[in-house]
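Look over the chain and its fold before reading on.

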Amino acid sequence: MLDAPSADSGKSVNQAARGFFPARLPLLAIFFLSGASGLIYQVVWSRGLLLVFGSTTHAVSTVLAAFMGGLALGSLAAARRGDRVAHPLKVYAVLEVAIAVLAVAVLLALPLLAPVYAALTGSGEASGAALGLLRFALACAALLTPTALMGATLPILSAHVERGGSPGTGAGALYAANTVGAVAGAALAGF
């Protein structure tokens with residue numbers, strides 16, 4: 001039978017949470033900006049890839065699937081290794097710099113995809129399924145690496161804030177800051 005949590009355990013969690021926020025406010029602000037920039041990248045990349053694939057529901061779905069798949073793969077890989085990283089804050093900084101560099105590289109590479117896509121679909125005889133697979137392969141080729149790095153940021157940064165603290169307090173705050181930043185980034189990029 002499970003015992004009800006004591007009042008003391010609730011106090012210690014609340015004290016840990018109160019101690020976390022002021023000390024980690026700069027880190028939360030940085031992760032807010034990371035979420036904002038990630039969604040700005042997504043909107044810009046989507047618009048660029050729509051110029052390559054055309055503006056169809058299937059093209060938008062393909063871009064979104066490649067983006068979300070990259071986030072999931074990066075998160076999975078980093079979650080398995082995050083606790084073993086000696087200096088997670090340094091790794092996080094390297095990830096953010098790599099994401100920024102790759103974001104620009106993707107923007108520069110997108111115009112190169114248009115002639116490749118046109119050459120591969122030039123005969124017009126490809127089926128809808130074949131075109132969908134081709135779009136998915138090209139979108140993954142362009143987006144998988146930077147989005148996998150984006151997905152790795154939360155587990156790596158969580159490994160940093162969870163060390164020596166109460167489990168779950170830091171990761172939840174980071175996720176919230178990143179999500180609010182993502183909403184802000186999507187709104188900014190949309191306008």
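The model is predicted: local features need pLDDT of at least 70, side-chain atom pairs count only at pLDDT 80 or more, and totals for chains, interfaces and linings use all residues. Residues are numbered from 1 along each chain as its sequence is written, and side-chain values use heavy atoms, with hydrogens and water left out.

The protein has five helices and zero strands, in the order α-α-α-α-α from the N terminus. Helices (H or I, at least four residues) and strands (E, at least two) are DSSP runs, numbered from the N terminus.

Of the 191 residues, 35% are buried, that is, under 20% relative accessible area with a 1.4 Å probe, protein chains only. The accessible surface (Shrake-Rupley, 1.4 Å probe) is about 10800 Å², and 71% of it belongs to carbon and sulfur atoms. Among contacts (heavy atoms within 4.5 Å) with a separation of 6 or more, 82% join residues 24 or more positions apart.

The largest pocket has a volume of about 520 Å³. A pocket is an open set of points on a 1 Å grid where a 1.4 Å probe fits, with protein on both sides within 12 Å along at least five of seven lines; lining residues have an atom within 4 Å of a point. The volume is the space filled by probe spheres set on the points, which are joined across faces, edges and corners.

The lining of this pocket has 25 residues, with Leu71, Met150, Gly151, Thr153 and Asn178 nearest the centre. Helices H1 (7-53), H2 (57-81), H3 (88-121), H4 (128-162) and H5 (169-190) each give two or more residues to the lining; H1 supplies the largest share, eight residues.

Notes: Buried < 20%, exposed > 50% of the residue type's maximum accessible area, 1.4 Å probe, protein only.
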